[in-house]
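Work through the exercises below with the sequence and the structure open.

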Amino acid sequence: MATKKIESLQEIKTAATEVSAEENKVVRKPNKDKQGRSYATGKRKDAVARVWIMPGKGNITINEKSLDQYFARPVLKMIINQPFEITNRMNEFDVVCTVKGGGLSGQAGAIKHGISKALNEYEPELRTILKQAGFLTRDDRVVERKKYGRAKARRSYQFSKR
């Protein structure tokens, strides 16, 4: 930055705002390992997914099985592909993930969360798109625990007057 002579109070204020605007710009660097992969952990309900993305042809491997073998329902496949569709990155990345816990729906949500976070690590410019879609926020809703004296979390046993 070139130095210039400041002669009035107004020039001091404008110079200070120019400097602070330059300092506030944060340039995030892509976070990749030596093999060119980005890693993230996604969570949903009781499911935890460890996700690695790397440049490729769009192959998705879950627990050493293909996407079609692991998730039979088309809705779950659609959930997993949402981060790629919204960022226009279909068939550009290969995904390898391991997922544990929960059911199929929770696992699909965990993988989606992990892919979104890994895409954010790989290409930081995509953060605004993913954030606006709500894909970077962990959905913290979990099943309410069963209480004693109740059939389920809130349901009571059937009342009989006899």
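**Exercise 1. Find the residues at the centre of the largest nonpolar core, and the elements that supply it.**

Step 1. The largest nonpolar core has 29 residues, and those that touch the most other members are Ile53, Ile62, Phe71, Ile80, Ile111, Ile115 and Leu119. A nonpolar core here is a set of buried Ala, Val, Leu, Ile, Met, Phe, Trp, Tyr and Cys residues joined through side-chain atoms within 4.5 Å.

Step 2. Two or more residues of this core come from each of E2, strand E3 (60–62), helix H2 (67–70), H3, E5 and H4. H4 has the largest share, 7 residues. Helices (H or I, at least four residues) and strands (E, at least two) are DSSP runs, numbered from the N terminus.

Step 3. Take Ile80 as an example: leaving out residues up to four places away in sequence, Ile80 touches Ile60, Ile62, Leu67, Phe71, Ala108, Ile111 and Ile115. Contact means heavy atoms within 4.5 Å.

The model is predicted: local features need pLDDT of at least 70, side-chain atom pairs count only at pLDDT 80 or more, and totals for chains, interfaces and linings use all residues. Residues are numbered from 1 along each chain as its sequence is written, and side-chain values use heavy atoms, with hydrogens and water left out.

**Exercise 2. Describe the overall make-up of the chain.**

Step 1. Count the elements: the chain has 5 helices and 5 strands. Read from the N terminus, their order is α-β-β-β-β-α-α-β-α-α.

Step 2. Of the 162 residues in the chain, 30% are buried. Buried means under 20% relative accessible area, exposed over 50%, and partly exposed in between (1.4 Å probe, protein chains only).

Step 3. Among contacts with a separation of 6 or more, 65% are between residues 24 or more positions apart.

**Exercise 3. Trace the strand pairing around E2.**

Step 1. E1 and strand E2 (residues 47–55) are antiparallel and pair over 7 bridges; two strands pair if DSSP finds at least two bridges between them. Gly42 stands opposite Ala49 in E2.

Step 2. The hairpin of E1 and E2 has 2 residues between the strands, and Lys45 takes a positive phi near 50° there.

Step 3. E2 is also joined to strand E5 (residues 93–100), antiparallel, by 8 bridges. Met54 has Asp94 in E5 as its bridge partner.

**Exercise 4. Is Glu123 buried or exposed, and what about Val27?**

Step 1. Glu123 is in the loop between H4 and helix H5 (127–133). Its relative accessible area is 14%, so Glu123 is buried. Not counting residues up to four places away in sequence, Glu123 touches Arg89 and Phe93.

Step 2. Val27 is in the loop between helix H1 (9–24) and E1. With a relative accessible area of 73%, Val27 is exposed.

Step 3. The C-alpha atoms of Val27 and Pro124 are separated by 8.7 Å, while the two residues are 97 residues apart along the chain.
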